[in-house]
Each structure stands twice: as structure tokens, then as C-alpha cells.
Amino acid sequence: ARMLPEPLKVSIAGEHILFGPDTLPQALERLKAVPDAERERALAVILGAVPDLGPPGDSRMATEEELRAWIGDGMSVGSHTVTHPILTRLTPQALGHELADSRSQLEAMTGQPVDLLCYPNGTVGDFDASVVEAARTAGYEAAVTTIGGQVTAESDLMALRRYDGNTSLVRLQARVSGAEPALRRLLGRSD
């Protein structure tokens with residue numbers, strides 16, 4: 001498996017961060033918060049410590065063949081940018097590149113329109129009005145955040161909330177059907 005042979009201490013913005021199985025979520029959150037150049041430097045150190053990882057370009061989430069198979073099975077493919085930056089930190093030119101190039105590359109691979117964007121990280125502060133406008137300009141019709149919540153007919157299509165999938169099927173059915181508030185009242189619960 002492609003894993004660090006042992007926990008790795010990496011200096012990030014003057015702070016030593018431990019990357020290992022027990023500290024990875026916190027370390028990744030810290031890595032997201034630093035400027036791009038510092039993050040790239042730290043990633044080079046981390047990737048250099050992982051044996052047989054191969055070049056960074058070999059780490060795509062899916063191959064073109066897999067994307068075409070998904071399309072053939074009736075699924076659609078959305079964009080997530082070229083390099084997964086925090087979009088509010090980019091210059092207008094870099095922002096346009098990330099959004100437009102990701103979309104056009106996916107459309108070329110799949111032969112299908114790519115109208116949906118998922119903002120990298122997708123939390124408050126990772127996208128704003130200028131990012132939303134750049135996404136519209138790049139041709140996206142809707143965009144998903146990682147902010148939890150319900151999507152309604154009144155929801156902003158360029159800032160769709162995401163339902164937390166860490167729940168039971170029964171609770172999901174209750175929420176989707178609209179029965180959850182009535183069930184809560186019946187049970188005398190507010191959670």
C-alpha cells in the first residue's frame with residue numbers, strides 16, 4: 001500500500017506538523033490553511049517520503065475509461081477544479097483557469113456537458129460572490145458546497161448545501177419525505 005513508512009514531521013509555516021495515521025485529519029486541515037507555495041513545498045516533502053508513489057500526475061481519482069463507464073451507466077460527471085485550490089485565494093486569472101480548464105478537460109474526456117461544480121473544501125470562506133460569478137462565467141449551472149443543510153426550491157443553485165450521509169437510511173427517508181419534523185414532535189425530541 002502507498003503509505004508513509006512511519007509518521008513524518010513536516011515544517012509548515014514555521015510549525016512542525018506530524019503526518020501519520022492518527023494525526024492525518026488535523027494535519028490536512030493545517031495544510032489547507034497555509035499559502036499555496038508553502039502547501040506545495042510541504043506536499044513535495046510528504047510525497048518524497050512515500051515509497052513507490054510515482055509522479056503527482058498519476059494520482060487521478062478516475063481514469064478516462066472509468067468516467068466514460070460512469071456516463072454509460074447513466075451518471076453525470078461534475079468538476080472539482082484542476083488543482084483543488086481554495087478558490088478565494090486565487091487571482092481572477094487563476095480562478096478562471098481552474099474553473100474553465102477543469103470543465104473543458106472533463107467535457108473532452110467524456111463527450112458530455114459538465115454543468116456542475118463542487119467547490120474545493122466548499123466551506124464558508126472557500127467560495128464567495130466573486131467565485132460564484134466566475135463559476136457562472138465559466139458555464140456552470142449549479143455548484144455544491146460542503147456546508148450541511150437541506151436543498152429546497154428556494155436554494156441558490158450556485159451554493160447548494162450537502163446532506164450529511166453519515167445517517168441511517170430510515171432517517172434519510174424521513175428527511176427526504178418531510179416526515180422528520182412530525183416524528184421529532186411525536187418522540188418529543190429536538191435533535
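Of the 191 residues in the protein chain, 29% are buried, where buried means under 20% relative accessible area, exposed means over 50%, and partly exposed lies in between (1.4 Å probe, protein chains only). This is a predicted model, in which local features need pLDDT of at least 70 and side-chain atom pairs count only at pLDDT 80 or more, while totals for chains, interfaces and linings use all residues. Residues are numbered from 1 along each chain as its sequence is written, and side-chain values use heavy atoms, with hydrogens and water left out.

Let us start with the fold. The protein chain has seven helices and five strands, taken as DSSP runs numbered from the N terminus (helices: H or I, at least four residues; strands: E, at least two). Along the sequence they follow the pattern β-β-α-α-α-α-β-α-β-β-α-α. Among contacts with a separation of 6 or more, 50% join residues 24 or more positions apart; a contact means heavy atoms within 4.5 Å.

Now to the interior. A nonpolar core is a set of buried Ala, Val, Leu, Ile, Met, Phe, Trp, Tyr and Cys residues joined through side-chain atoms within 4.5 Å. The two cores compare like this:

| Core | Residues in core | Members include |
|---|---|---|
| Largest nonpolar core | 22 residues | Leu-87, Leu-95, Leu-99, Leu-117, Tyr-119, Tyr-140, Met-158 |
| Second, separate core | 10 residues | Leu-8, Phe-19, Val-34, Ala-42 |

Setting aside neighbours within four places in sequence, Leu-87 is in contact with Thr-81, Leu-95, Leu-99, Tyr-119, Pro-120, Asp-126 and Val-131.

Val-131 also leads us to α5, where Val-131, Val-132, Ala-134 and Ala-135 are buried. Seen down the helix axis, these buried residues fall within an arc of 160 degrees, so they line one face of α5; the arc is that of the directions from the axis to the C-beta atoms. They pack against α4 and β3 (116-118), whereas Ala-129 and Thr-137, on the other side of α5, are exposed. Just after this helix, Gly-139 takes a positive phi of about 105 degrees.

Finally, the surface. The protein chain exposes about 12,300 Å², with carbon and sulfur atoms supplying 57% of it, by the Shrake-Rupley method with a 1.4 Å probe. Leu-169 lies in helix α6 (residues 169-177) and is exposed, with a relative accessible area of 58%.
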